[in-house]
Amino acid sequence: MTMTNDWIEALNRSLRGAVSLVLKMALALAGLVFMLGVVVLGLTLGAVLVVWALLQGKRPRAVRFGRHPGADWNRFRAAAAARRSPGARPDVPSRGDVVDVEVREIADPRPRGD
């Protein structure tokens, strides 16, 4: 009786291994098909966009990667430097021109509802 149980147990392990292998291969194939579908979709979308641009008479623009991330901030840095330098902007008085003002309190015409 033990011989039969061992044989059934070995067959059971073999079948489980075979089913597991088939499932792994099926999932790998499904993943490969999905990946290829995404690649084909991306290439098709790119081609459609290029054809659409050409039909509208526009030249397709190339996307440029690898730009310096802080390059866009240079114009703000230049504007800040222009504000700091004296005489850079004629519409703004320099620090030497001081205007004195007289301070006075302005009463609120509406009563407060505290």
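1. Salt bridges. A search of the whole structure, which is a predicted model, returns 1 salt bridge. The partners are Arg16 and Glu9, whose side chains meet with an N to O distance of 3.9 Å. Side chains of opposite charge can pair when their charged atoms come close.

2. The relative accessible area of Glu9 is 37%. Glu9 is therefore classed as partly exposed, since the exposed class requires over 50% and the buried class under 20%.

3. Fold content and burial. The protein chain contains 2 helices and 0 strands. Of its 114 residues, 3% are buried. The accessible surface of the protein chain amounts to about 11600 Å², and carbon and sulfur atoms account for 65% of that surface.

4. Nonpolar surface patch. Leu29, Leu32, Val33, Met35, Leu36, Val39 and Leu43 make up a nonpolar patch on the surface. Together these residues present about 680 Å² of accessible area.

5. Val33 within the patch. Val33, one of the patch residues, lies in helix α1, which spans residues 2-55. Val33 counts as exposed because its relative accessibility is 54%, and the threshold for that class is over 50%.

Note on methods. Residues numbered from 1 in each chain as written. Predicted model: local features only at pLDDT ≥ 70, side-chain atom pairs only at ≥ 80, totals over all residues. Heavy atoms only, no water. Patch = residues over 30% accessible without salt bridge, like charges linked within 9 Å, V, L, I, M, F, W, Y side chains within 5 Å. Areas by Shrake-Rupley, 256 points an atom, 1.4 Å probe, with all protein chains shown as cover. Salt bridge = Lys/Arg side-chain N within 4 Å of Asp/Glu carboxyl O. Helix = DSSP H or I, 4+ residues; strand = E, 2+ residues; numbered from the N terminus. Buried < 20%, exposed > 50% of the residue type's maximum accessible area, 1.4 Å probe, protein only.
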